[in-house]
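Me: I would like a close look at one part of this model, followed by a connected account of how that part sits among its surroundings.

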Amino acid sequence: TRSPLANPYGWANQDVSVNYTCNDGLSGVLTCPAPMLFSSEGLNNSTSAIVYDYAGNTSQATMNGISIDKTKPNTVATLPGGLVNGWYNTGISIPLISTDTLSGVLLTNYRLLRGGIVVSSGLYASPITASADGQYSLYYFATDKAGNIEVEKITAFKIDRTRPVISISSPAAGQIFIATRGNIPVVYDVSDNFDAAPAVEA
């Protein structure tokens, strides 16, 4: 018998021991194989052992299909290019790529938050999109077929698609000036939904 048993996908994510139970109703068991421990990762390992009775009879038992995967899967989120001073000024889509070299990826979970509020979550199936202005946090992790769960990762990004606003309070609209060599003072106010002091070019 083996312990633990394989999961529904045929894998274990820990050491597997194979124990032998020997019996003989007449002369009795001479030798019974010692337990076998599998600790290394691998696919479809097997073990065989022979039991002897006092009369010299033998019997062989084989355990096949011992697959062990102890390594967590890995997920990479790829942000697009096009950053301007650390911001995106358009909507973006983010693919998640999960890999696992032994048992294979079973599923990938994600949560997308904007300003601390969940805007989408669930099982990853296609690139995650974000278009509204805000500061985002994307959380994600994968699970493989052996039951190994990746440590949750986070990728942050910011979107600002709103143009800044500039308003001139002086001189007043329609005000006429006589050409002189002096400068005409201009008083203006600039605002932006994220930047408290946006840059101004005159």
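Which residue does a disulfide join to Cys22?

Reply: A disulfide, meaning a pair of cysteine sulfur atoms within 2.5 Å, joins Cys22 to Cys32, with an S to S distance of 2.0 Å. The model is predicted, so local features are given where pLDDT is at least 70 and side-chain atom pairs count only at pLDDT 80 or more, while totals for chains, interfaces and linings use all residues. Residues are numbered from 1 along each chain as its sequence is written, and side-chain values use heavy atoms, with hydrogens and water left out.

A search of the whole structure finds one disulfide. The torsion about the S-S bond of Cys22 and Cys32 is about 75°, and the disulfide is therefore right-handed. Cys22 lies in the loop between β2 and β3 (29–31), and Cys32 in the loop between β3 and β4, so that the pair links distant parts of the chain, ten residues apart; strands here are DSSP runs (E, at least two residues), numbered from the N terminus. Cys22 is partly exposed at 22% relative accessibility, and Cys32 is also partly exposed, at 39%, where buried means under 20% relative accessible area, exposed over 50%, and partly exposed in between, for a 1.4 Å probe and protein chains only.

Between β2 and β4 the antiparallel pairing runs over three bridges, and Val18 stands opposite Met36 in β4.

Salt bridges (a side-chain nitrogen of Lys or Arg within 4 Å of a carboxyl oxygen of Asp or Glu) come to three by this rule. One of them joins Asp15 and Lys70, whose closest N and O atoms are 2.4 Å apart. Asp15 is in the loop between β1 (2–3) and β2 (16–18), whereas Lys70 is in the loop between β6 (58–68) and β7 (74–77), 55 residues apart, and the pair thus links distant parts of the chain. Asp15 is partly exposed, with a relative accessible area of 31%, and Lys70 is likewise partly exposed, at 34%.

Elsewhere, Arg111 and Glu152 meet through their side chains in a salt bridge of 3.1 Å, N to O. Arg111 lies in strand β10 and Glu152 in the loop between β13 and β14, so this pair ties together parts that are 41 residues apart in sequence.

A nonpolar core is a set of buried Ala, Val, Leu, Ile, Met, Phe, Trp, Tyr and Cys residues joined through side-chain atoms within 4.5 Å. The largest such core has 14 residues, of which Leu96, Leu112, Leu138, Phe157 and Ile159 touch the most other members. At least two residues of this core come from each of β8 (92–94), β10 (105–114), β12 (128–130), β13 (134–144) and β14 (153–159), and β13 gives the most, with three residues. A second, separate core of nine residues includes Tyr20, Phe38, Met63 and Ile68.

Note on methods
Helix = DSSP H or I, 4+ residues; strand = E, 2+ residues; numbered from the N terminus. Pairing = 2+ DSSP bridges.
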